[in-house]
Amino acid sequence: EAHSVRTTGVAFSPDGDVVASSDTDGYVKFWSLASRVCLAELSEHTDVVTGISFSPKGEFFASAGYDEVIYVWETRAVLLHRCDPFRTFVKKSKIKRAARFPHDIEQIVSITFSQNGKHLASGDQQGVIVVREILSGDEVFRQKVHNGMVNAIAFSPAVKGLLATASDDSRIRITDCYSGSSPITLGVKTDKHAGPVMSIAFSHTGDILVSSACDRRIKLWDVHGRGLLRTYPSEDDRPVEKVAFCPNRYD
């Protein structure tokens, strides 16, 4: 039942009963935390799965990968082994030049659901952010926000349509998907990260954002004031790849 290749991601269901995992062969597995057995397996992806996520209430599950496809499933149907996707979003690459590397196209790198579970945001290798409505399948926002791969993406839990993104271009940007205003960059000059930003997360109140990067630094940001609050160095010489807040307090 175990993955036979490298695991690329894990995600808990909101009720904590199920954990999903993905791998470099394009498989997604669902596990029971109580019995430790595999409940279901998805194999639609034809390349590395780069992002998996449950919707806030757990009714939907999404996966994205280097095959430029996002699948959205109804979680209950998957656990009942009815594994036809509820929605399939195909990324139409607009890259005109020849690919320098095997994966040098517009693969989806990161995904996240909105707080109300109605929208799904994705970031790709070329720095483009897309927001789609789940039920209708309509694309409601598309913009090139970064000049590099979008490694992490997160909706604010406090402000509707406010999206934070982090990229290989060393920038963290705040975008209002509804107003159409220009994205705002967090951190300039000495405040900014000195390397690709790997992970971001909002506090449960939405007023603080934490980020980590290949510069081995963790930074706390004032979302509303757009300023740097504090910088923490890593305890070793490796990049900090993931950061998160506890749900109910600043830990």
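This is a predicted model: local features need pLDDT of at least 70, side-chain atom pairs count only at pLDDT 80 or more; totals for chains, interfaces and linings use all residues.

Tutor: The sheet to look at is an open one of 4 strands, placed in the order S5-S6-S7-S8 and paired in the antiparallel sense. Strands here are DSSP runs of E with at least two residues, helices are runs of H or I with at least four residues, and both are numbered from the N terminus; two strands count as paired if DSSP finds at least two bridges between them. At the edges of the sheet stand strand S5 (49-54) and strand S8 (87-90), each of which has a single partner strand, so one side of each is left without a neighbour in the sheet. On average, neighbouring strands of this sheet are turned by 15° against each other, direction ignored, where the axes are lines fitted to C-alpha atoms (for helices over the stretch in contact) and angles between N-to-C directions run from 0 to 180 degrees.

Residues are numbered from 1 along each chain as its sequence is written, and side-chain values use heavy atoms, with hydrogens and water left out.

A further open sheet of 4 strands has the order S1-S2-S3-S4, with antiparallel pairing. Its edges are strand S1 (7-12) and strand S4 (38-42), and because each has a single partner strand, one side of each is left without a neighbour in the sheet. The twist in this sheet averages 20° from one strand to the next. Strand S3 (residues 28-32) and S4 run antiparallel and are joined by 4 bridges, with Trp-31 having Cys-38 in S4 as its bridge partner.

As for cysteines, a disulfide is taken as a pair of cysteine sulfur atoms within 2.5 Å, and by this rule the count comes to 0. Cys-177 counts as buried at 9% relative accessibility, whereas Cys-246 is partly exposed at 35%; buried means under 20% relative accessible area, exposed over 50%, and partly exposed in between, with a 1.4 Å probe and protein chains only.

Thr-175 lies in strand S15 (residues 172-176) and is buried, with a relative accessible area of 2%. Leaving out residues up to four places away in sequence, Thr-175 touches Phe-141, Val-145, Gly-161, Leu-162, Leu-163 and Pro-183, a contact being heavy atoms within 4.5 Å. Thr-190, by contrast, sits in the loop between strand S16 (184-186) and strand S17 (197-202) and is exposed, with a relative accessible area of 73%. The C-alpha atoms of Thr-190 and Val-90 are separated by 39 Å, the two residues being 100 apart along the chain.

Taken as a whole, the protein has 1 helix and 20 strands, and buried residues make up 49% of its 251 residues. Among contacts between residues at least 6 apart in sequence, 39% join residues at least 24 apart. The C-alpha atoms fill a box of roughly 50 × 45 × 40 Å, taken along the principal axes.
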